[in-house]
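Student: I would like to learn how to read a structure like this one, starting from the whole chain and ending at single residues. Could we go through it together?

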Amino acid sequence: MTAIRPLVAGNWKMNGLTAQLAELQALQDRLAGHPVEADVLICPPATLLAQARWASRGSEIALGGQDCHPLQSGAHTGDISAEILKDAGATAVIVGHSERRTDHGETDAVVRAKAEAAHRAGLIAIICVGETEQERRDGKTLDIVKRQLRGSVPAESSATNTVIAYEPVWAIGSGLTPTPEDVAEVHGFIRAELVQLLGAREAGRLRILYGGSVKPANAKELLSVKDVNGALVGGASLKAGDFDEILSVYRGGKAA
Ligand code: PGA
């Protein structure tokens, strides 16, 4: 089997005034001097996408959105479509992040419709799944992840247009992380579920990211776990230095 090229995605969330673009520039400078054997994606607020496209031109840094509406266009005030994101320079979009599922009541069906919209627009859909603290305590982690995968992953998904991000809700922004054994269990389970949903060929090549309090100090341990094909990074993606340190895991063939 050919090795899966990792993806490290930075999710800036609702952070990023124009001045934040300096961090993108700084990241670009670091990557130019020290390339990584991974795809690098930054998902800034949508308002910064067009400027970020200019700031990162000529670099390896790809840009993504943080959410999209299922429809292509229309009377949906405040929403943004996958096509608009693509037009602004995005090549990917995060869908079903737990903050969207919680803050906006997004169901698995809504998340699937958004992933389908991403595919329609020619964007990679990064579909997030993960259990809450209570669900983990109740021993329901795999049930929840299974339900989310079955409900959120479109039937036509492929390894080229889809990425799964496993993000335990309790690990996001908390400084807490699952043990490498727990990560391995869930990622192995996700891979097996994807075989059921998409067939062995696509499932074997599809990237499964870990997300939730990934920092320079724990990146190597988390990213070395079997079936972890990169990371979705929130807080530590806001500073080029921190993000670059995480990316260093993929310098010089250090990680799997
Ligand atoms: P965090 O966020 O790295 O700040 O925990 C991860 C995410 O929500 O994608």
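Predicted model: local features only at pLDDT ≥ 70, side-chain atom pairs only at ≥ 80, totals over all residues.

Student: How many helices and strands does the chain have?

Tutor: Helices (H or I, at least four residues) and strands (E, at least two) are DSSP runs, numbered from the N terminus. Here the chain has eleven helices and eight strands.

Student: What does the radius of gyration say about the chain?

Tutor: The radius is taken over C-alpha atoms, and the globule rule is 2.2 Å times the number of residues to the power 0.38. For 256 residues a compact globule would have a radius near 18 Å, and the chain has 17 Å, which agrees. Along its principal axes, the C-alpha trace spans about 50 × 45 × 35 Å.

Student: What share of the residues is buried?

Tutor: Buried means under 20% relative accessible area, exposed over 50%, and partly exposed in between (1.4 Å probe, protein chains only). By that rule, buried residues make up 52% of the 256 residues in the chain.

Student: How many disulfides does the structure hold?

Tutor: A disulfide is a covalent bond between the sulfur atoms of two cysteines. The criterion is a pair of cysteine sulfur atoms within 2.5 Å, and the structure holds zero disulfides. For Cys 43, the closest cysteine sulfur is in Cys 128, and because it is 9.4 Å away, it is too far for a bond. Cys 43 counts as buried because its relative accessibility is 0%, and Cys 128 counts as buried because its value is 2%.

Student: Which residues does Gln 148 touch?

Tutor: Contact means heavy atoms within 4.5 Å. Gln 148, found in helix H7 (residues 141-152), touches Arg 101, Asp 108, Val 129, Gly 130 and Val 153, not counting residues up to four places away in sequence. Gln 148 is also buried, with a relative accessible area of 5%.

Student: Where is Glu 83 placed?

Tutor: Glu 83 lies in helix H3 (residues 82-88). Leaving aside neighbours within four places in sequence, Glu 83 is in contact with Leu 71, Gln 72, Arg 120 and Ala 121. The C-alpha atoms of Glu 83 and Gly 122 are separated by 8.3 Å, although these residues are 39 residues apart along the chain.

Methods
Residues numbered from 1 in each chain as written. Heavy atoms only, no water.
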